Amino acid sequence: MSDDTDRRRHAVVVGGGLAGTAAALKLADSGLRVTLLEGRPRLGGLAFSFQRGELTVDNGQHVYLRCCTAYRWFLDRVGGAALAPLQDRLDVPVLDAAHPRGARLGRLRRTALPVPLHLAASLAGYPHLSPAERASVARAALALRKLDPADPALDAHDFASWLARHGQSPRTVEALWDLVGVATLNATAANASLQLAAMVFRTGLLSEPGAADIGWARVPLGELHDTLVRRELAAAGVRVETRAKVTAVLPDGPGRWSVDVPGERIDADTVILAVPQREAHGLLPDGALDRPGDLLALGTAPILNVHVLYDRKVLRRPFFAALGSPVQWVFDRTEAAGLSRGGPEGPSGEGGGGRRVGQYLALSQSAAQDEIDSPVQELRERYLPELERLLPAARGAAVRDFFVTRERTATFAPVPGAGRLRPGAVTRAPGLLLAGAWTATGWPATMEGAVRSGLTAADAALTALGRPRVRPLEEAA
């Protein structure tokens, strides 16, 4: 086959989230003609922005870690790395609201020492645990390093039971293991697969000293995952169609596919379904998976995001995590949201011209099954007093706006047994691939898992088409 003929191979990617856009970029970079179809009016999937008055609001706070090599490649590929920088070194302020003498601050920080000594000093001085509890954490961490996250047998067990067997008290679970695990897994230890928990903690905290350094967008997510991505897709020659809801994906002869959208049928040599698992189930042709019902059996878990706009500055650090409170993680999104400033900030939060500066805080509440459908007024009555308890400066501040965003199916539920329900990228239908953070990436449902799934699906498509592949992560190294 001539190179000219080969270059006319056409790939259709269904879904414009991180998985789909990563796959489209990889396929286009490898010389394929690519069409990307997204049913919504924007790209970015569940990591997007919208406008609310003077604020550009992210639907939820998303972070990544230094160990997230696929997402870091993605940021580099779209020219957004400088807009979502990493900490120089892991540093997480942790406020305990339940301390008898008022909110007490502790920090989880690393040094440049090798693993596991990089966290030893921080753990030794962590005020939210007793000396005996700190020692028990060290022993559990050593035991965790011996687990193999690739062992499917771990998926049958829950993380909380393993922690209990290794001497972790309920306080230790709350103040350390769930502090990290709920945010990364979207589940408490009792509801989390040991296999996924082992992967998170081994990779993030016990692999390299800097693996858990935190990065987050200093601009709206829409700028990264929509604006910049659209620019790079266009430069790569990808046809992007939004508001294009795919209604059918059908085989059309050996090695050929037809993808239906209202008013058009698109022919393709390969198709990547990068949509949520239930949507994928509805589009899969008969026989594409041995157990298509697994996609429906794979549960989902919600994330609730609480947004508060104050009339003055109440938080002087970029973020913190909370204990002894329904509040989990709080981020200052003032500048990222485009909140105008009136000049140099004074101690009272006034601008130089006397105009209120204001501060916009976003609370990320994972594993929010009990609150996801709570009325806004009920959430307001719960969370504003908690913020005042955690942040004394909030007690005298006026609330200019309070609203919530709800992602009822934010992630797949990482419960024990979920691993066997997650399909790989390759289906039984030649040329039809699956992508999404819910596929068998080995990672929980994160931006990293989404990008990895897209790259894996693109690699599988290229292999089937006989195209040479260069691993993006190798290119970025």
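At what angle do helix H2 and helix H13 pack, and how far apart are their axes? Bearing in mind that the model is predicted, I noted an angle of about 40 degrees between H2 (residues 18-29) and H13 (residues 447-464), with the axes 7 Å apart. I recorded the crossing of H2 past H13 as right-handed. On the H2 side I listed Leu 18, Ala 19, Ala 22, Ala 23, Lys 26 and Leu 27, and these meet a set of H13 residues that includes Met 447, Ala 450, Gly 454, Ala 458, Asp 459 and Leu 462. Sorted by class, this contact of H2 with H13 holds 12 nonpolar, 2 polar and 2 charged residues.

I then looked up the packing of H2 with helix H3 (residues 69-77), where the angle is about 65 degrees and the axes lie 11 Å apart. H2 passes H3 in a left-handed crossing, whereas it passes H13 in a right-handed one. Leu 18, Thr 21, Ala 22, Leu 25 and Asp 29 of H2 make this contact with Tyr 71, Trp 73, Phe 74 and Arg 77 of H3. I counted it by class as 6 nonpolar, 1 polar and 2 charged residues. Leu 18 and Ala 22 are among the H2 residues that meet H13, and I found both of them in the contact with H3 as well.

Next, the domains. I wrote down domain 1 as 10-51 + 220-299 + 415-465, domain 2 as 108-212 and domain 3 as 300-342 + 355-412. Taken over C-alpha atoms, the centres of domain 1 and domain 3 are separated by 33 Å, and their contact takes 14 residues from domain 1 and 9 residues from domain 3.

Which domains each give at least three residues to the lining of the second largest pocket? I found domain 2 and domain 3. The pocket holds about 400 Å³ of space, and of its 22 lining residues, Val 182, Ser 325, Pro 326, Gln 328 and Ser 366 lie nearest the centre. Helix H7 (170-185), strand S15 (319-323) and strand S17 (359-366) are the elements that give two or more residues to this lining, and H7 gives the most, with 5 residues. The lining divides into 11 nonpolar, 7 polar and 4 charged residues.

The largest cavity has about 70 Å³ of space, and its lining includes Thr 56, Asp 58, Gln 61, Asn 305, His 307, Arg 333 and Tyr 360. Strand S4 (55-58), strand S14 (300-310) and S17 each supply at least two of its lining residues. By class, I noted 5 nonpolar, 5 polar and 2 charged residues around this cavity.

Last, the backbone. Which two residues does a cis peptide bond join? I noted Val 115 and Pro 116, with omega about 0 degrees, and placed Pro 116 in the loop between strand S7 (104-109) and helix H4 (120-124). I also recorded Asn 186, a residue other than glycine whose phi is positive, near 60 degrees. Asn 186 has its place in the loop between H7 and helix H8 (194-205).

Definitions and conventions: Residues are numbered from 1 along each chain as its sequence is written. This is a predicted model: local features need pLDDT of at least 70, side-chain atom pairs count only at pLDDT 80 or more; totals for chains, interfaces and linings use all residues. Side-chain values use heavy atoms; hydrogens and water are left out. Axes are lines fitted to C-alpha atoms, for helices over the stretch in contact, and angles run from 0 to 180 degrees between N-to-C directions. Helices (H or I, at least four residues) and strands (E, at least two) are DSSP runs, numbered from the N terminus. A crossing is left-handed if the near helix is turned anticlockwise from the far one by less than a right angle, and right-handed if clockwise. Contact means heavy atoms within 4.5 Å. Ala, Val, Leu, Ile, Met, Phe, Trp, Tyr, Cys and Pro count as nonpolar, Asp, Glu, Lys and Arg as charged, and the others, Gly among them, as polar. On a 1 Å grid over the protein atoms alone, a cavity is a set of points where a 1.4 Å probe fits but cannot get out, and a pocket is an open set with protein on both sides within 12 Å along at least five of seven lines; lining residues have an atom within 4 Å of a point. Grid points are joined across faces, edges and corners, and a volume is the space filled by probe spheres set on the points. Domain bounds come from an automatic or database domain assignment.
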